[in-house]
Amino acid sequence: MKTTIKAALLTTVLGATAALAANPMVGGAPMFEDKNIVENAVNSADHTTLVAAVKAAELVETLQGPGPFTVFAPVNAAFEALPAGTVETLLEPENKGMLQKVLTAHVVAGDWSGAEIMRMAQNSSDGFYHFNAMSGDALSAQVKNGSLYIFDESGNAGKVTISDVDQSNGVIHVVDTVLVPK
């Protein structure tokens, strides 16, 4: 009897450890596959600016929807690297439409793994995988030195620093740059 209980306990612990290992920590917080994009993002210390922007743009409900969505989520430092005053201007209520466009330029319909995006880029004739964000803006993916980069229409490249953060309604790939639509 004791052996059966020990075995069951060990199986439970190993299963829980495997589940935790499957999804990376982001911004010092565990990301849970059974939570949606917004529910996880609010816990990441690296995404406070993104979360504030999503709230100001009134996109919370959308990103809590069924999706699936692939989100290229810029870290706080990416927003800080924008020209002085850019974030503050975008967060003003009269600029909500512009903020929505910037944020939806980071969202793609579907649940795309980093490996899948890399494979499509590597198998393309020009080394780039070209696709559209939900904003309608063009994005491109390229693999350089084994890392995945996402390019916006202006040629700015964001390096994917953490990929495949699974969510209940899609996946997040953390990027180090804000992708700016034209």
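This is a predicted model: local features need pLDDT of at least 70, side-chain atom pairs count only at pLDDT 80 or more; totals for chains, interfaces and linings use all residues.

Me: Which residues touch the most other members of the largest nonpolar core?
Reply: A nonpolar core joins buried Ala, Val, Leu, Ile, Met, Phe, Trp, Tyr and Cys residues through side-chain atoms within 4.5 Å. Among its 28 residues, those that touch the most other members are Leu 63, Val 71, Leu 103 and Ile 172.

Me: How many residues are in the other core, apart from that one?
Reply: Its members include Phe 72, Trp 112, Ile 117 and Leu 139. The count is 15.

Me: Is Val 38 buried or exposed?
Reply: Val 38 belongs to helix 2, helices being DSSP runs (H or I, at least four residues) and strands likewise (E, at least two), numbered from the N terminus. Apart from neighbours within four places in sequence, Val 38 contacts Val 60, Leu 63 and Gln 64. Buried means under 20% relative accessible area, exposed over 50%, partly exposed in between (1.4 Å probe, protein chains only). Because its relative accessibility is 11%, Val 38 counts as buried.

Me: What distance separates the C-alpha atoms of Val 38 and Lys 55?
Reply: The two residues are 17 residues apart along the chain. Their C-alpha atoms are separated by 9.7 Å.

Me: Which residues in the lining of the largest cavity are the closest to its centre?
Reply: A cavity is a set of points on a 1 Å grid over the protein atoms alone where a 1.4 Å probe fits but cannot get out, with lining residues having an atom within 4 Å of a point. Helix 3 gives the most to this lining, four residues. Of the 16 residues that line the largest cavity, the closest to its centre are Ile 37, Leu 50, Val 54, Leu 63 and Val 71.

Me: What is the mean pLDDT of the chain?
Reply: A pLDDT of 70 or more is reached by 88% of the residues. The mean over the chain is 87.

Conventions: Residues are numbered from 1 along each chain as its sequence is written. Side-chain values use heavy atoms; hydrogens and water are left out. Contact means heavy atoms within 4.5 Å. pLDDT is the predictor's confidence in each residue, from 0 to 100. On a 1 Å grid over the protein atoms alone, a cavity is a set of points where a 1.4 Å probe fits but cannot get out, and a pocket is an open set with protein on both sides within 12 Å along at least five of seven lines; lining residues have an atom within 4 Å of a point.
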